[in-house]
Amino acid sequence: MSGQCGSNPVWTAPTSDDARFESLFELSSDLTCLIDVSGQLERVNMSWEARLGWTKADLSRRRFVDLAHPDDRAATAAALCDAAAVAETRGFENRLRGKDGTELRMIWSLAASPLRPGIGAIGRDVTGERRLQRELIEAADREKGRIGRELHDGLCQSLAGICTLSATLARKLAGRDDPAAAAAAELTALLKQSVGDARNLARGLDWAGVTPSSLPLALETLAANIGALHPVSCILLHDRHLPGLDAQVATHLYRIAQEAVSNVIAHAKATRIIIRLRYRKGRILLSVVDNGIGMGERRLEAAGIGLRSMEYRARLIGAALMVEPASPRGTRVECAWAVDARTRNAAPAATLSPPPSATRPVYPRPAQT
Ligand SMILES: Nc1ncnc2c1ncn2[C@@H]1O[C@H](COP(=O)(O)OP(=O)(O)OP(=O)(O)O)[C@@H](O)[C@H]1O
Ligand SMILES: [Mg+2]
């Protein structure tokens with residue numbers, strides 16, 4: 001039986017199950033492959049050549065792990081081990097290198113083969129999606145910075161000017177022993193407060209480039225702003241010694257805290273927020289804990305981008321983000337960034353152990369640190 005496109009036959013239906021599998025395997029626009037127990041590619045489909053430039057001959061007996069970006073090799077090896085151990089792993093993300101050096105971001109579904117030792121893997125190219133996500137986040141950061149600077153240079157300056165005029169008026173009225181003097185003094189105090197609030201708000205929006213040393217100050221300003229503008233106590237507890245941070249990590253940690261705190265204000269009905277920035281056992285831990293109503297299932301229904309953008313930022317710096325109920329109530333958001341994340345992700349040892357049995361595959365495991 002043939003499919004027709006106009007008068008041209010475009011597809012001939014396979015006659016056996018094997019042939020059906022063959023055509024599905026080959027025709028998939030995703031990267032599809034079979035990996036043997038030693039981690040080598042046994043078979044790849046045509047998309048590997050179309051997307052990455054590797055021919056089937058290039059890839060024959062190459063280790064799957066070796067095609068990953070060097071920083072992703074340990075995690076890739078671990079994902080293979082997990083798939084072999086639990087039969088299936090979905091949503092594992094890594095970067096693959098093409099023949100000409102191009103890099104694709106892939107999301108993998110990995111499944112242990114039910115018929116013989118080995119793993120089947122299907123990888124979806126999400127390079128474009130991830131680029132778009134990153135550009136959206138960068139555009140939002142730039143926009144926040146722009147609003148912060150405009151607020152600082154515009155509204156803050158004119159409020160400060162009005163405050164000075166009001167202070168002069170209050171002094172004159174006080175000199176004349178005018179009963180309106182008290183009202184003018186009160187007005188001046190309120191204006192001073194507003195100038196301070198607006199400045200803090202502007203600074204909070206314009207922390208475009210948080211540095212490792214300014215991160216505690218940026219978070220302190222965030223906590224002070226929140227406490228001043230909302231009926232909630234917000235405090236920062238932080239370690240003095242925060243080793244290993246760089247500007248990119250510091251900026252993303254700050255934005256994660258900012259988003260988590262905004263969520264508390266918007267949704268939690270909390271009376272207390274504690275932001276913690278600590279260094280423990282080689283990891284920088286940033287947490288935002290509230291004593292509000294908790295998330296329940298609502299986070300799953302929400303169409304917002306806050307949680308997704310926190311997750312994305314964490315992924316960008318190689319950190320892990322956890323959102324969970326706090327004890328005894330409320331929500332706890334924690335981002336854990338391993339200081340040696342970059343070096344820890346070095347390629348795993350190249351030697352592979354032979355499988356101890358035909359049914360228990362062994363993949364190269366990353367060295368534990
Ligand atoms: N600290 C919190 N306490 C209670 N509920 C929360 C908290 N943080 C988030 N949520 C719930 O999780 C949902 C998803 O949050 P998310 O930040 O992704 O979206 P949003 O805040 O609704 O919208 P956006 O962030 O895009 O403005 C929220 O709508 C809210 O129901
Ligand atoms: Mg939100």
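Five strands form an open sheet in the order S4-S3-S7-S6-S5, and their pairing is antiparallel. Strand S4 (41-44) and strand S5 (88-97) are the edge strands, each pairing on one side only. From one strand to the next, the twist averages 30°. The model described here is predicted. Strands of a sheet pair through backbone hydrogen bonds, either parallel or antiparallel.

Strand S3 spans residues 31-35. Four of its five residues are buried, so S3 is largely enclosed by the rest of the structure. On one pairing, five bridges join S3 to S7, and the two strands run antiparallel. Here leucine 31 stands opposite glycine 123 in S7. S3 is also joined to S4, by three bridges, again in antiparallel fashion. Within that pairing, leucine 34 has arginine 43 in S4 as its bridge partner. S3 and S4 form a hairpin, with five residues between them. Glycine 39 lies in the turn and has a positive phi of about 90°.

Strand S7 (residues 119-125) also pairs with strand S6 (residues 103-112). Seven bridges join S6 and S7, which run antiparallel. Tryptophan 108 stands opposite glycine 123 in S7.

Helix H4 (residues 73-86) lies across S3, S5, S6 and S7. H4 runs at about 155° to S5.

H7 covers residues 215-229, 15 residues in total. From its first C-alpha to its last, H7 reaches 21 Å, close to the 21 Å expected at 1.5 Å a residue. The buried residues in H7 are Leu215, Ala218, Leu219, Leu222, Ala223, Asn225 and Ile226. These residues cover an arc of only 160° around the axis, which puts them on the same side of H7.

The protein as a whole has eleven helices and twelve strands. Its chain counts 369 residues, of which 27% are buried. Among contacts with a separation of 6 or more, 59% come from residues 24 or more positions apart.

Key
Residues are numbered from 1 along each chain as its sequence is written. Chains are lettered from A and ligands numbered from 1 in the order in which they are written. This is a predicted model: local features need pLDDT of at least 70, side-chain atom pairs count only at pLDDT 80 or more; totals for chains, interfaces and linings use all residues. Two strands pair if DSSP finds at least two bridges between them. Axes are lines fitted to C-alpha atoms, for helices over the stretch in contact, and angles run from 0 to 180 degrees between N-to-C directions. Two residues are in contact if their C-beta atoms, placed from the backbone, lie within 7 Å. A residue is buried if 20 or more other C-beta atoms lie within 10 Å of its own, exposed if 12 or fewer, and partly exposed in between; C-beta atoms are placed from the backbone. The expected span of a helix is 1.5 Å times one less than its number of residues. The arc is that of the directions from the helix axis to the C-beta atoms.
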